[in-house]
Amino acid sequence: MARRCARATSRFTEAPKLCVGMTAAAALFLCLGLAFPPPVEAGLYTASDQIVLLSDENVGSVLVNNSAAVVAEFYASWCGHCISFSPNYKKLARDIKEWKPAVNMAAIDCAAEENRNLCKDYKITGYPTVKFFHAYSTAESSGVPYRARDVRALRQLIIDSLESHGEPWPPACPPLEPTSEAEIDNFFETNSAQHLALIFEDAKSYVGREVTLDLLQFENITVRRVLNTEGGLVAKLGVTDFPSCYLYYPDGSFTRLRVNFEARTFYSYALQRLPGVVRSGKPPPVTTELLKNRTEEPWRPFNSSRVYMADLESALHYSLRVELAAQGVIKGDALIALKNYMSVLAKYFPGRPMVMNLLRSLNSWLQNQTADHISYEAFKERVDNTAQVPDAALPEGVRWVGCQGSQPHFRRYPCGVWTLFHVLTVQANNTGGSDPQEVLKAMRNYVHNFFGCKYCAEHFENMVKEGLEGVTTLPFAVLWLWSRHNQVNNRIAGALSEDPLFPKIQWPSPEMCPSCHTVKHNGEHGWNYEQVLPFLGSYFSSSRILPDYLENEGEVLKKQREKYSHHLQGLLAQKHLERIAREASNHFPPSTSSPVQEGEEWEEEEGPQDETGAYEEDNEGGEEKPSPAASEVEGKPSEPTPWTKTKLEEVDGHQQAHRIPSIIGMRLRQRRQQEDIVDLDLFENQHFKAKALQLAASSRVKQRTLQTKVEQEPRPAFSLGMELDAGLGMVGLQPIDADLDLDTIRQRKRLKKRELAGQYIGREAELAQMERWMSVLSIGFSNVDISLCVILYALSFTCLLAMCIFFRNRLKRRRVKVALP
C-alpha cells in the first residue's frame, strides 16, 4: 500500500530499546510490543514475514542446488527460546530484504510431525538452529551453523560467508572485496552504469559491503568499497572521514554524498534516489510533465508534506459505495464491524460540515438497527441521503490528489485507507478518546470483513496479531499503526504494485523529518520516538488538511437534490404502473361462468343481429348449427366474447388510455389517464352493467325453460328430432302435429325466436337507459365521496333532531312555570 510521501529506505524497521518523548508507560509498552510480539497460530512464521516456509515438498528446491545462498532456521514451535528469537529473525528478514536474490531466508518447524525426519537428516539436535547454505549446495550438505542471535551479528556473519564463498559464486551477488585505484580509473570503460559510489572505510567496517548488497536490486548504479589504506584514491579525493561516500564521474570529477549521518541506512536511501537509478525490472518513473499532459485523467499537482481532504472523502466514497456494495446482506460479525467503523468515523473524522452531518445521521440509523442483518440497499439509501437530512451529503466519485499514482492501478484507494486511519488515530489522540484500541480494532475488522484484496487482508491480520493487545494508550496507538505501516512498505517494496514514481519507503524520510532518525552507538539506524510522535500528530492534524480540489458544498447538495428528485420520479412511475396493473386485475376478475352462462353471453351479443345470421340452419341435414354452449359440451373451446376480449386487451397492454368522465360546469368532458386519478367511475359502471346483464340472462333462461315445457306437451304423434336447444343446450323430443309438416314447424319456431329477440332488444334498451342515468348520478364521485356525504347528512340530521328536542323541552318547562300560581 502506497503512502503519500513515500521516500525513505527499507532499513528503518528495527524497534528501539529505549523510547523517549511519551509517558513512561506508553514507552514501555511500545518497546515490549515491538520487541516481543506473540507468535502466530500456525508455527512462528507466515508468508507475511518474507520468510520461505520449508517442508518436505520444497526443501529440495530451496536448500539444494539453489543459485542463491540460504539462511535457514530450524526451530520447534513449543520452544520458549525459539519464540523469543522469532522477532529477531523476522527483523533480520526485513533488514536484508534487498539482498535477494543473492541471499534468501527460510525456516522450518521441526515440531511438526511431517518435518521431524527432515530435521533429523540435517543433524538438528537443538532449537533454534540457524544455518547458512552456500549457493549450489549438494544434498549431502548440512549447512554452516551460526551461533549469533543478534540481528547485526547475523547480518555480518552472512556477509562473511558470502565473501568467503568459493566457486561457484552466487550469480546475483556483487563483488564484495575492496577495489583499487586502477580499477576505478577504468571502470566506465567496461561498465554502463551512470553512477559509481565509493565508500571509504577501514578494514573492519561492514558499511561498504552492506550498502553494496542494499543496492543489489537497482540499476544504473554501482557501489565499491575502498579501504582507508588505498592512499592514492584517499589523497586524490581528499577523504578525511571514515566511513564516507563519494560519487565518482566518468570525467574524473567527484563529489561527496551529503547525508544526515554517515551510516549504512542513510547511504542506501540517498543512493537509491539518485537520478536514473531504478529498481531492476521496473520502468523508469514517469515525469510529472508527462503526467500533466495525459488526457484520460488530469494530473493534480500537490504538496507531498500535507494531507488532502479530497483523498479522505474519496476513500470514504469508495469504502461506503463500492467495497460495501459487494455485500448484498450484511450480518453477523460483518454488521458489528460496520457499526464500529461508522462509529469511529462519526466520532473522529475531521470532515466538512455536510459530510459530518451525513456520517452522524448514518451512524445513528445504523446503531438503531436491532435486526441481526441489514441489506446494503437500505444502507446505500442512507449514504445517498434519501431521508433528506438537511445539509448532509458525501460527494460521489473520487478525486485523488496526494494518493494519485502515475498509473490508474497504482496507489489510490489503498493509500487513501492508510491515510484515513492515520488521521483517525491522531484525531482520537488529540480529542482524548476513551479506548486506545477503538480505531485500531475498527480498522482491523473493516479490513478483515470488507477489504477487497483478501491477500492484503490476510497479511494485515497476521501483522495485527503481533502486539495489538499491548496497545494501552492513545499515543501508543498512533505509533503502533505507523510502525505496522512501515512493515507493510518494507514487505511490498519492489513488488509489481509499487509505483515507480512513489517507491515504498520507511516513512518519514530523512528529508521530511531529519530529527526522527538517529544512529545508535553501534552504527545501526534508530527512530527517535520523541520526534516521531509530534511529527505524526502535526502531519495528520485536522488543522493541516488542505481543502484543495474539493467540490463546492453547494454543488454537491444541488446534485444530491437532483438525484433524489429523479429517484422519486422513478419510484412514482413504478408505483403508478403497479397501481394500474392492480386496478386492472381488480376490475376484470377471471371468468368462472358455467357453460350455460357463457352461451347466454354469446347470445347477448348476437341476439340483436338479423335472425338469418344468428340462427342459421343447415338446409341439408335439417339441423341448426350448434351454439357456443353446444360446442363446449362437445369439447370445443368457445371464442371469448367481444366484451371479454376488450377486458383482456386492457389488462395486458394498457395501450388505450382510459377515458373517464368528470363534471366541470355541469358538462361532461374526457379526463386523460395521465392525470393519475383512480378510475372508480368506470369500475362502478362496468360493475352495474355486469349485474344488469346477469339479471337479464337469468330471466331469459327462466322464460326459455317455460317455453320448452310448453313445447314438450303431449301431441298426437311424435317424431324423434335430435336438436340442441340454443338456450339450454339440451337434447329432447320435439312434438309433431299430424296436420302440420316440418316446414310449418320450422316457420313457427323462427317466429318464436324472433319474438324472443325483440323482447331482448327492448330489455337491453331499458337497461342502457337506466345505466346512463346511474352514470350521471354517480359521475365524478367515488365510494369514499358518497360515504362521506351520507355520514355528513346523518350528523346534520342528528344535530337538528337534538336541537328540536332541546327547544321543545325548554318550551314545556316555561309553560309549566307560567301555569304555577
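I began with Cys 110 and Cys 119, which are joined by a disulfide with an S to S distance of 2.0 Å, a disulfide being a pair of cysteine sulfur atoms within 2.5 Å. The model is a predicted one, in which local features need pLDDT of at least 70 and side-chain atom pairs count only at pLDDT 80 or more, while totals for chains, interfaces and linings use all residues. Residues are numbered from 1 along each chain as its sequence is written, and side-chain values use heavy atoms, with hydrogens and water left out.

I looked up the torsion about the S-S bond of Cys 110 and Cys 119, and at -90 degrees this link is left-handed. I then checked accessibility, where buried means under 20% relative accessible area, exposed over 50%, and partly exposed in between (1.4 Å probe, protein chains only). Cys 110 is buried at 4%, and Cys 119 is buried at 3%.

I turned next to Cys 403 and Cys 415, whose sulfur atoms lie 2.1 Å apart in a disulfide. The torsion about their S-S bond is about -65 degrees, so this disulfide is left-handed. Cys 403 is buried at 0% relative accessible area, and Cys 415 is likewise buried at 0%.

I also noted the disulfide of Cys 453 and Cys 456, with sulfur atoms 2.3 Å apart, which is right-handed with 65 degrees about the S-S bond. Cys 453 is partly exposed at 30% relative accessibility, and Cys 456 is partly exposed at 25%.

For the total, I recorded four disulfides by this rule.
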